[in-house]
Amino acid sequence: MSVTIKSAEELEKMREAGKILAQVHQTLGDSLHEGMSTLDIDRLGEEIIRSYGCEPSFLNYMGYPASVCVSVNDEVVHGIPNEKHIIKNGDIVSLDIGVIHKGYHSDAARTHGIGEISPEAKKLIEVTRESFFQGMEYATAGRHLNDVSKAIGNYASSLGYGVVRDLVGHGIGSHLHEEPEVPNFGKLRRGIKLKAGMTLAVEPMINIGTPNVVWMDDEWTVVTEDGSLSAHYENTIIITEGRPEILTLTPDEKKNLLY
């Protein structure tokens, strides 16, 4: 397994990419409202990305046909935007977005509630987000990758949620997907040792019900096997000798001191 250690110059480009993506998420998330189609969301997202002089990471990546993965309710990830899919009050909508800035990628996801959502949906979103930060307590040079994965999975599963096992996070840099894979659940082996300068996309995908998922006929959209709600929270991070540097926190998240 070859995990790249980024140079100071590369890290600076990734910081810039992360800062832009954080603003894209802030702007697009604030724009969501009942009555939009998922295609409307994608078009607006691409417009915002390009307004910063960036390219969408996902557009045409391995054949994916859009700039923003828009996944609604029981859709876990990779929902394909569609003009006929209209979001409504009470839906939860996951936006997974990547940008390319000066040849380097950043990748982040957020789940938003539309209008008045159920207490169960609100708690799912909060637990998914918190599971990421539980993992961050172990994301430091000298620890093992499995420490991060185990902390994420143990937190969510201890509260009765299903931790998706068929999809994982990943390294990131000049390529959208690099080594290593970053599971959201503990494994028997400790995994690689984390080193300063590694860059990872850590992305818990948590279901209210079973952790099991299925792929739809479009070969992209992943849904929960039991039809239960799913949430997604992802950030691009830099491993340091101390606390990890989270590159894609939105302005609102920084203001609210989530980390």
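**Entry 1: Phe133 and Tyr233.** I looked up burial for this pair in the predicted model: both Phe133 and Tyr233 are buried. I then checked which aromatic cluster holds them and found that Phe132, Phe133 and Tyr233 form one.

**Entry 2: aromatic pairs.** My search for ring pairs gave a count of four. In one of them, Tyr64 and Trp220, the ring centres are 5.2 Å apart and the planes stand at 80 degrees, so I noted the pair as edge-to-face. Tyr64 sits in the loop between β1 (55-56) and β2 (68-72), and Trp220 in the loop between β11 (213-215) and β12 (222-224), so this pair ties together parts 156 residues apart in sequence. Tyr64 is buried, at 2% relative accessibility. For Phe133 and Tyr233 I read 5.9 Å between ring centres and 45 degrees between planes, so that pair is tilted. Phe133 belongs to helix α3 and Tyr233 to the loop between β13 (230-232) and β14 (235-238), so the pair links parts that are 100 residues apart in sequence.

**Entry 3: helix α3.** The helix covers residues 119-136, 18 residues in total. From first C-alpha to last I get 26 Å, close to the 26 Å expected at 1.5 Å a residue. Buried residues in α3 include Ala121, Leu124, Ile125, Thr128, Phe132 and Met136.

**Entry 4: β4 and β5.** I found strand β4 (residues 92-101) paired with β5 in the antiparallel sense over 10 bridges. Ser94 has Thr111 of β5 as its bridge partner. The two strands form a hairpin with two residues between them, and Lys102 in the turn has a positive phi of about 55 degrees. Nine of the 10 residues of β5 are buried, so I put the strand down as largely enclosed by the rest of the structure.

**Entry 5: Arg110.** This residue is found in β5, which runs over residues 104-113. Is Arg110 buried or exposed? It is buried, with a relative accessible area of 5%. Its side chain makes a polar contact with the side chain of Glu253, at 2.9 Å. Leaving aside neighbours within four places in sequence, I listed the contacts of Arg110; among them are His25, Ser94, His232, Tyr233, Thr248 and Glu253.

**Entry 6: cysteines.** I searched the whole structure for disulfides and found zero. Cys54 is in none, and the nearest cysteine sulfur, that of Cys69, is 17 Å away. Cys54 is buried at 2% relative accessibility, and Cys69 is buried with a relative accessible area of 4%.

Notes:
Residues are numbered from 1 along each chain as its sequence is written. This is a predicted model: local features need pLDDT of at least 70, side-chain atom pairs count only at pLDDT 80 or more; totals for chains, interfaces and linings use all residues. Side-chain values use heavy atoms; hydrogens and water are left out. Helices (H or I, at least four residues) and strands (E, at least two) are DSSP runs, numbered from the N terminus. Buried means under 20% relative accessible area, exposed over 50%, partly exposed in between (1.4 Å probe, protein chains only). A polar contact is a pair of N or O atoms within 3.5 Å; within protein, one must be able to donate a hydrogen and the other to accept it, and residues adjacent in sequence count only if both atoms are side-chain atoms. Contact means heavy atoms within 4.5 Å. Two strands pair if DSSP finds at least two bridges between them. The expected span of a helix is 1.5 Å times one less than its number of residues. A disulfide is a pair of cysteine sulfur atoms within 2.5 Å. Rings of Phe, Tyr and Trp (its six-membered ring) pair if their centres lie within 6.5 Å; planes under 30 degrees apart count as stacked, over 60 as edge-to-face and the rest as tilted.
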